[in-house]
Amino acid sequence: MMQNDITTACPLDCYDACGVAYQDDKLKALKACHTQGFLCPNLNYYLQYETITTPRYKGKEISLDEAKIKLKEILEGSLKSEILHYRGHGNFSLMQEVTDHFFASYGAVLTDGTLCDGAGEAGIVEGRGSNKNMPLSEIAKSDVVIFWGRNPHTTSSHILPLIKGKKIVVIDPVKTKIAKEADLFIQLKPHTDLYLAMLLTRFLHINDLCDTDFLEKYASEFEEYYELTQSIRIKAGLEEMGVTLGDLGTILEMTKDAKVAIVCGVGIQKYSDGADVMRAIDAFGVALGLFGKEGCGVAYLGSSREKIENPFYTKAKRVSKVNTEFERYKTVFIQGANPLSQMPNSLRVKQSFQSVENVVYFGLYENETSEVADLVIPAKSFLYKDDVRTSYSHNAMMMMNKQLESDVGLSEYELSSYLCDAFKIEIKAEKEYLEHFKNFGVQKINGCFEVEGREDIPYRDGFDTDDGEFIFLEEYEPLVSHMDEKCLITSKSLKSLNSQFQREECVYIHSSLGYKEGTQLKISSDNGTLILRVKHNDNLRDDCVLIYSGTRGVNNLTTSKHSLEGKCAIYQENRVTISKLEQ
C-alpha cells in the first residue's frame, strides 16, 4: 500500500465533520479550523472496527469481479420498475450520491424522505423560507447558549470549546453532562417542547421583552400568533411539562438584552407534529429578534447542500424511505444503510424483505441487513478514495483526499462507473465531478475552505419567504397526557452512530420504578415488543424509557407512519409499557 501525507475529513453522519490527518497508521485531528486538535470517540476508534473485505453471494465468498458480474446479471433479470435503490447516509460525502445517477438513469425506483431530521427542516422552511446553517463562528460570539434537546458531549463535541464562559441553559428530558454544568436545567417531558416554546413567547410579550423593531420589520403577524399562544392553559400546561413559572422567568431574565444562540437537536422533532415544534422554537427566536444578528440565531441541521449544484440528480420515481414496501420489488440495492435495524417498525420491514428475490448490500460493516443479503459487495472507506464533504452545522467544504491504495472493495464512483459502462449510460470522469464540487468552495483567510455564497450571518436581510417575513404557526395539536405509559427516548449513544460501532444492549430506566439492574424487561408498544436487560439511569425522568438508537430491536417499537410535514420517521411518537419478563 502507498501512503500519502495529506489530509482528509471524517465521513460520518454527524454535526462535527472533523478535519483529519492520516499519519503512522493513525487518525489524528487537525488543529486548524473547527476540529481544534481532537476527535470524537467514534473516529478515535474508527480503525479498530472490522469492515467487510470479501464479496459473497448466497453465503459463498466470491471475487470482486464476480460480484460485479453477478450484480449486472441480477439487474438484467429484473424489470426496471422492479428495482429499488435504497441509499442511506452512513458515509456523509458528496460523491456517494453518484449511484443515484446510475439507478435513476437506468429507470429504477429511488427513495425520498428521511429517517432522522426531515420534520424539523420542514418546519424551518415553512417559517423562514429556507434552512440555513447558523455557523459555529456565530455561536462562539453569543452570550447565552440554549441547548434544546441537544447533547453536545455525544453529538457535537467540537462546539464545547466555543461555549466556555457563556451562560448555558439546557432543556432536555435527560440530565446530560452539559445539563449538570448548566446555569439552568429544565427537565422537560418529551413531546412538550412546542408548548414550552409557545409559553415562552407569550411571556416575552406579557413582560414587554420582545424585539418590537424586529417584529415590525420581519414578523408583522406576531400579534395573531400571540393570540394563539393564549389558548394554552398555563397551570395545566406547566404541570404536564414539568416546568415552573420560575423556570420561565429565569430564561427570560437570562436572554434579556443578550446575544442568544438556541442550539436544537433532532429528538425534539421525532413526532408527527415535529415541524410545528421547530416552528414554535423559531417563533421564540423571532420574538427575541435573534435572526440576522451577530452571535444570535436558532441552529438545527442546516442544509449541507446549500449553494451546491448536484450533478447526479436525475428525475426518477421515488418512494418513501420511512415505510418502503420492499415486497413490491424483485431487486433491492441497499447502499450504506441498515434498514432492517434503522427503519421504523422493524417487524413490518423484516416481513416485507422476505418477498424480495434479490437483496444486494453495498457497505462497510456487517449488520442485520448484510446478514440476509443475497449479494454482499464491500465498499471502500474514506481512506481509500477521493471525495468532498460539507456539513449541516457549519459552512466548511472539506477535501477528502485518498490516503491509501487498496484492491479491497469499491468506491461509489467505481461501482457506478462499472454499471454505467455495462448498461451504456453516460458518466463523467471522477475527476470532473470532484472539480465540480470543489468549484463551489472558496478559501478563507485562515486557510480553510467554505462553501461560496453562504451567509456568515443568515437572514441578515430578512427571511427567504415571499415577503421577507417570518410565517407563524396558525394552529397546533392540543397537549395530551399519557398517564399509564412511558415516553420512549431513542437518542444517540456516545459509543455508536446509528447501527455502527459499539451498539448498546440495554434499556435505561429510573431506579425509582423498582426494577433491579439486570432484570429482563418486556417493552411493548402498538407496533411490537422488545426484551432487554435493565440498567438504571437516574438522570432520566421517571416517566421515560431510554433505548439508544443503535440498540438491536429498538425499532420493533416504533411506527412507520410519517411526520405530517417532511416525510420523516417519528421514532418517539409511540408510548410504551414495561413489565417484568415472566420466568
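Student: Taking a salt bridge as a side-chain nitrogen of Lys or Arg within 4 Å of a carboxyl oxygen of Asp or Glu, which residues are linked in a network of them?
Tutor: E138, K141, K259 and E294 are linked in such a network. This is a predicted model, in which local features need pLDDT of at least 70 and side-chain atom pairs count only at pLDDT 80 or more, while totals for chains, interfaces and linings use all residues. Residues are numbered from 1 along each chain as its sequence is written, and side-chain values use heavy atoms, with hydrogens and water left out.

Student: And how many salt bridges does a search of the whole structure find?
Tutor: The search gives 27 salt bridges, including one between E368 and R552, whose closest N and O atoms are 3.1 Å apart.

Student: Where do E368 and R552 sit in the chain?
Tutor: E368 is in helix 16 (residues 368-372) and R552 is in the loop between strand 27 (544-546) and strand 28 (575-580), so that the pair links distant parts of the chain, 184 residues apart. Helices (H or I, at least four residues) and strands (E, at least two) are DSSP runs, numbered from the N terminus.

Student: Is E368 buried or exposed?
Tutor: E368 is buried, with a relative accessible area of 14%, whereas R552 is partly exposed at 45%. Buried means under 20% relative accessible area, exposed over 50%, and partly exposed in between, with a 1.4 Å probe and protein chains only.

Student: What about K167, which residue does its side chain meet in a salt bridge?
Tutor: The side chain of K167 meets that of D183, at 4.0 Å from N to O. K167 lies in strand 9 (residues 167-171) and D183 in the loop between helix 7 (177-181) and strand 10 (184-186), so the pair ties together parts that are 16 residues apart in sequence.

Student: Switching to the sheet, what is the strand order?
Tutor: It is an open sheet of eight strands in the order 5-4-16-15-14-6-7-13, with mixed pairing, where two strands pair if DSSP finds at least two bridges between them. The edge strands, each pairing on one side only, are strand 5 (60-61) and strand 13 (318-320).

Student: In which sense do strand 4 and strand 5 pair?
Tutor: Strand 4 (residues 56-57) and strand 5 pair in the antiparallel sense over two bridges, and R56 stands opposite E61 in strand 5.

Student: Which strands does helix 3 touch?
Tutor: Helix 3 (residues 98-106) packs on the sheet and touches strand 6 (83-87), strand 7 (109-112) and strand 14 (331-335), contact meaning heavy atoms within 4.5 Å. The direction of helix 3 makes about 160° with that of strand 6, where axes are lines fitted to C-alpha atoms, for helices over the stretch in contact, and angles run from 0 to 180 degrees between N-to-C directions.
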